[in-house]
Structure formats: structure tokens, C-alpha cells
Amino acid sequence: MDRAGQRARTASRYAGPVVDRKDFGSWLQGPRERTSAGEQYRGRDLGLPQHGPGSVAGFGIRFVGVLIDWGIASVIARGLFGVPLPFSQPPASGGQGFVVLAVFGVMHLLLVGTVGLTIGHRVVGLQVRSLGGTGRVLPLQALARTLLLCMFIPAVVWDRDGRGLHDKVPGTVIVRTR
């Protein structure tokens, strides 16, 4: 029996079509394969522009904003609670590290919940927007986003629009302002 006959006989044993390894091609080749088609770009499914103000911010610029915010939180924790600054001797203990995280979380919650951006976001030209309604981040959205951001892992798991789980769960997105 030739190969075509074997395939036909094998396929007829299954209720549906046989899954071939080519069906997994885009998954195996990574996320870029799924978004490289013609008019696909980050934020297209959200109705956001591809470039300029209002477009989804990339990872690099968001990371710089978080570093700025973490530095500010470290200075505040040093001033209020005597926590050593990063890279100083002696280093901060485990509990003192959580003090910096708590200051970062409170700072993030208050600023994003009221004005929609943190100091780090402002410096690099970013803003957090709600996908529903007026675009203004609601207090409950800011709370959910802050808690997930402080857990760290949800912030580094993204979808094809470049949104982390900390943005996806509360229905927010970080966009460029300039």
C-alpha cells in the first residue's frame, strides 16, 4: 500500500481531521510568528494606533519607568524606615526588601489610581489607561494592577498585544503619551 493510502486509512479512523506538525508551526516558532502577518501590530486588537501617542508601550521603555519608580521607592524607604539603599553595605535584609516593595506598591496604587501614571511613567512618557469607559483608571483596577505588579510574575507574562497579566486582568494598558 502506498503512503497516500496509509494516510487516508489512518485519517478515517479519527472523528476529525488529523493534526499535523505544520499545525503547530506558529506555536513552535514563537509569538512573533503569530503577529508578523500583514497588518498585525501590538494594540491593533485593542483599537490603538501602531505608532506615536496612544500606542502600546514596549517592554524596554516600561522597564526604565519601573526602575525609576523602584529607585524613588528605595529613597523613600531609606528616609522613612532606614532601609539601606541598593548596592550599599551592609545590604538590606529580606524584611527590609519587602519594605521597599510596600513603598513601591503604595506609591504605584496612589499615583495610578488618581492621575493614571507614576513618576517613572511621567519621565519616560507613559500612561496607564483603562480599556473600558473613559480611559481613566478606576480605583479597583489600580488596586488589582498594583497587587499583580508587586507579585512580579504576572508582569513578565505577556499577550500578543504586549500587555502583561497585571494589565490584562484589570483591563488596563500602558500607552505612550508622546
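## Burial and overall fold

Buried residues make up 33% of the 178 residues in the protein chain. Here buried means under 20% relative accessible area, exposed means over 50%, and partly exposed is in between (1.4 Å probe, protein chains only). This is a predicted model: local features need pLDDT of at least 70, side-chain atom pairs count only at pLDDT 80 or more, and totals for chains, interfaces and linings use all residues. Residues are numbered from 1 along each chain as its sequence is written, and side-chain values use heavy atoms, with hydrogens and water left out.

The protein chain holds eight helices and two strands. These are DSSP runs numbered from the N terminus: helices are H or I with at least four residues, strands are E with at least two. Along the sequence the order is α-α-α-α-α-α-β-α-α-β. The chain exposes about 11400 Å², and carbon and sulfur atoms supply 63% of that area. Accessible areas come from the Shrake-Rupley method with a 1.4 Å probe; for residues, only the protein chains shown count as cover.

Contacts (heavy atoms within 4.5 Å) also reach across the sequence. Among those in the protein chain between residues at least 6 apart, 60% join residues at least 24 apart.

## Helix α5

Helix α5 spans 94–114. It has 21 residues and reaches 30 Å from its first C-alpha to its last, close to the 30 Å expected at 1.5 Å a residue. The expected span is 1.5 Å times one less than the number of residues.

The buried residues of α5 are V100, V103, F104, G105, M107, H108, V112 and G113. An α-helix has 3.6 residues a turn, so residues three or four places apart point the same way. What covers the buried residues of α5 includes α4, α6 (119–124), β1 (126–130) and α7. After α5 comes G116, with a positive phi near 85°.

P91 sits in the loop between α4 (59–81) and α5. P91 is exposed, at a relative accessible area of 56%. Leaving out residues up to four places away in sequence, P91 touches P84 and Q96.

## Salt bridges

Side chains of opposite charge can pair when their charged atoms come close. A salt bridge here is a side-chain nitrogen of Lys or Arg within 4 Å of a carboxyl oxygen of Asp or Glu. By this rule there are five salt bridges.

One of them joins the side chains of R160 and D45, at 3.5 Å from N to O. R160 lies in the loop between α7 (139–150) and α8 (165–168), and D45 in the loop between α3 (31–35) and α4, so the pair ties together parts that are 115 residues apart in sequence. R160 is partly exposed at 44% relative accessibility. D45 is also partly exposed, at 41%.

Another salt bridge pairs D167 with R145, at 2.6 Å from N to O. D167 belongs to helix α8 and R145 to helix α7, so this pair links distant parts of the chain, 22 residues apart. Both D167 and R145 are buried.

R163 forms a salt bridge with D159, where the closest N and O atoms are 3.9 Å apart. R163 is buried, at 7% relative accessible area, whereas D159 is partly exposed, at 22%. Salt bridges that share partners also join R44, D45 and R160 into one network.
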